[in-house]
Structures are given as structure tokens and as C-alpha cells.
Amino acid sequence: TFSPSEVTKAYLKKAKENNQKIGAYINITEDKAVEDSKSKFHSFGGVPMAIKDNIHVANVNTTCASKLLKNHKAIFNATVIKRLINCPVLGKTNMDEFAMGSSNETSAFYPVKNPWDLKKVSGGSSGGSAAAVAANLASFALGSDTGGSIRQPAAFCGVVGLRPTYGLVSRYGLVAVAPSMDQIGPLTKTVEDSAYVLSNLAGFDEKDAMTASPKTLDYTKSLKEDIKNVKIGLPKQYFTDYTNNEVRQAVNKAIRTLEKLGAKMVELDLSHTPYSVSAYTLLCAAEASSSLARLNGTSCKNTKIKGDYSKQCVNSRTEGFGIEVKRRILLGTHILNSTNYAEYYIRAQKVRTLVQRDFQRAFHSCDIILGPTTPTTAFPLNSKHDPLTMYLHDSYTTPASLAGLPAMSIPCGYDSNGLPIGLQLIAPHFKEQDILNVGHAFQ
Ligand code: GLN
């Protein structure tokens, strides 16, 4: 066996050697990792981890991959960091700026390249975390998922990504984007690892008012492989022509494997699925415009910017925010305006309720829902998708986000170019154990 220090040093070496090629890390925190690895007590025997750069690690910069926060040092540890006791922090991972994006190309620093093919995107917004795990630059990573940011990059990079139930894991110390949907979760190589990390993360935190006290807190104990008679729902809206052929084939193959293991398939109609992206886009923008209003430039130590308060505020935001962030702030402000509020914001909330009801009804006839995580595999870097095309990549991840449901992406094969394909499992609130069991049996 190896000591935490030895393992940490080996990962640091690999991370430093490969980061220029892949771009998974914004900052490799070598000294901290070495220091952490020397502690006497660790969760999981001191396995080193990578942390998305929108989660605070005390005395390390939290940039959210934005120029505006380039020099922003965190002054406290997020609850998730405290709970993973002394797991060495190898570094902070690259992401789309303020977690807005699906390709990691909105990072103000550099994009993350897909370890399977360096000409392809890693997905986003937790692309750095997914790529770090896929390329063995960390043993596991934490990401955040608002509308798919853990699951979509996990699918593109061939790793396991879990978005927990809304309220299962504390967001204290996560930079908020859309607080009604933001969740932190693990990116790992295996479903079993995911269960280990989740067991450490889950549970009530007085610092996040939305957290609950679930009954299960150890997801590893009852991780069983018997899925006989588990009813798996297949929503027809997830298997349309919009899903690429090879993706559909791989998911269908996975369905047959699960049937052989004893699961029963049921057809589902989640009729509001096609409206999820629209509702998500509006709600996410509305919440983001209000969340990011606190970044007024006065605390970003950007000494170049002078003048009175309002000038400082305008100039630092003009210079500091990238195009996607500005687009969402403007869209969000526009729809929250009193003349537009009823037509857009309220209507999007109504659609959200309809999406939630679709799921509620569906779970009367099945235990878990299965479909592809994404309509395609990783697309080429610099594809220059227009924003709407880009948002549509989140068609299958946004519904669970709107409903606050737990959902996981698990690798289920490769396309003809050798790029990984992800399978998504969605369960009722706080039924992470069911997802983990089916995923574990499948893997
Ligand atoms: N890709 C989605 C978006 O651009 C999801 C982002 C996220 O989950 N943080 O909003």
C-alpha cells in the first residue's frame, strides 16, 4: 500500500505533466496538497481530489474561471471541503465562466480539452473536473450541476457524474448561479466511488437553509447488485431523432443488459420535456442576474479601474465578464423587468411545475428513469454553435434540475470515433441509493 503523501505526489506529477495539454486545472495547489497529505486523519485514507473553481477552499483562489475574480482568494472552506476531511486538494479545476456553458469554452483562461480526443470539448461547465478524473489527474473531483454541469461533462469524458437531490448536499461555499437548482456532486471513475464520496458529502448543514436530514447517510452499505424486478421507465421524449443514432444504440444496448439482470422496462410519456430547456434558460438567467449583482467590482482588487462607485462597477463588469455571462445577465434582467415578468418569468415557473408533475406521475409506474445523458457525444472545439444550439445540448439534463431530482451519468459505450457515451438515471427525491444500485449493477 501507498501512503497519502506518495499517492498525492504521484497525482501531482501527472497533473503537472499533462495540464498544459488538457487544461483541466486552473491552479494546481501543490504545496497545499502535500501539506494536506501529511495529516494524521483523512476521509478514505487520504485520496487526493480536484475541486471545481467555484467551490471555496480556504486561502486558495476561487476564480469561477472569470477575469473578474482572477485574484479572489477564498477566506473559508466550503462545507463539502470540510466534510472530505483532509483529502489532499490537488488543485482547482477549469470550468465555464460562472458555470455558464456546455463546452468549457467560456472559461476566461483556456478551454478544457477532452482527454479522449484533444480536438473535442470536454463538456461543461464542470469540464475540468470531468477531464481530470478521466485523465487520471485526480482520483475524484467535485463539480456543480445547475442544469447538467456534472452529468454532461461526465458523459463526454467517460466518467461517472452524480447530481444529488436538491437539498442533500450543502452549497455553503459554492458560488451561486441559480440557487433554486445549484447542487454540488462527485465525478468519479466508478459508481462505487460515487457512493463513497456522496456518503461523506450528504446531510444537513445549518449554513445552507435548503439542506435536509435524509435517513440514509451511508450509501456504500446497501450497495447491492440485485436489480431483479426494478421497474425502469423509458421516456419516449428522450429517444427521438434528436438523439444521435450511435448514442441511441449504446443506450438501447444498456437497456438490454439491465433486462438480462432482471429489470423490467416501462414506457413513459414525459410530455413537457421539450419545454424544459426554455424554462431552464429563463429561470437560470433570472436567478443568475440577481446572484451576480453582488459582484460590483469593489472587492475584486482590480487596481487599474478607478473613478466613482458607479463607474467602477460598470467598468469592472464590462471588462471582467465574458460574453455568455453578459448575455445571461441581460436576459435575466429583461425578463424580471415588471413589464415582462408575467409573460416570461412566471410562465417559466409554470412550465417548471408541469415538468415536476410529469416526473411525479411517472414515478407511480416505475422506480427509476433511464435515457441518454446528452443527444450527442463530445463535439469539436470551436464549433461556434449559436447560443440556442448550445442550450439545446442540455435537453435531457435540465428536466431533473427543474424538478430537483437526483440524476447520474454513467459511461455505457463509445461511438465510432471512440468517444464515450453517457447513460442517465433519474430517481425520485432522496432515492440516490436506487440510482447507485442500478448503476453499480450495470457497471
Ligand atoms: N450547460 C448548462 C448551462 O449553460 C448548465 C450549466 C450548469 O449546470 N451550471 O446553463
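Reader: Which residues in H8 meet which residues in H10?

Author: From H8 come Leu282, Ala285, Ala286, Ala288 and Ser289, and they meet Arg328, Ile329, Leu331, Gly332, Thr333, Ile335 and Leu336 in H10, where contact requires that the C-beta atoms, placed from the backbone, lie within 7 Å. Helices (H or I, at least four residues) and strands (E, at least two) are DSSP runs, numbered from the N terminus. This is a predicted model, in which local features need pLDDT of at least 70 and side-chain atom pairs count only at pLDDT 80 or more, while totals for chains, interfaces and linings use all residues. Residues are numbered from 1 along each chain as its sequence is written.

Reader: At what angle do H8 and H10 pack?

Author: Helix H8 (residues 276–291) and helix H10 (residues 323–336) pack at about 95 degrees with their axes 7 Å apart, which makes H8 roughly perpendicular to H10. Axes are lines fitted to C-alpha atoms, for helices over the stretch in contact, and angles run from 0 to 180 degrees between N-to-C directions. Angles under 35 degrees count as roughly parallel, over 145 as roughly antiparallel, 65 to 115 as roughly perpendicular and the rest as oblique.

Reader: What about H6 and H14, at what angle do those axes cross?

Author: The axes of H6 (residues 191–201) and H14 (residues 432–442) cross at roughly 155 degrees and come within 9 Å, so H6 is roughly antiparallel to H14. On the H6 side the contact involves Val191, Glu192, Ser194, Ala195 and Leu198, which meet Glu432, Leu436, Gly439 and His440 in H14; these residues divide into 4 nonpolar, 3 polar and 2 charged.

Reader: Switching to the sheet: in what order do the 11 strands run?

Author: The order is S1-S3-S2-S6-S8-S7-S12-S13-S11-S9-S10, in an open sheet with mixed pairing, two strands being paired if DSSP finds at least two bridges between them. Strand S1 (25–28) and S10 stand at the edges with a single partner strand each, so one side of each is left without a neighbour in the sheet. The twist averages 30 degrees from one strand to the next.

Reader: How many bridges join S9 to S10?

Author: There are 5 bridges between S9 (residues 231–235) and S10 (residues 264–268), which run parallel, and Ile232 has Met265 in S10 as its bridge partner.

Reader: Which residues are closest to the ligand?

Author: Ala99, Ser102, Thr146, Gly147 and Ser149 are the closest of the 14 residues that surround the ligand, a residue being near if its C-beta atom, placed from the backbone, lies within 6 Å. By class, this shell has 4 nonpolar, 8 polar and 2 charged residues.

Reader: Backbone check: is the peptide bond from Gly124 to Ser125 cis or trans?

Author: That bond is cis, with omega near 10 degrees, and Ser125 is found in the loop between strand S5 (117–121) and helix H4 (127–134). Asn86, in the loop between helix H3 (79–83) and strand S3 (89–93), has a positive phi near 55 degrees. Most residues other than glycine have a negative phi, and most peptide bonds are trans.

Technical notes
Two residues are in contact if their C-beta atoms, placed from the backbone, lie within 7 Å. Ala, Val, Leu, Ile, Met, Phe, Trp, Tyr, Cys and Pro count as nonpolar, Asp, Glu, Lys and Arg as charged, and the others, Gly among them, as polar.
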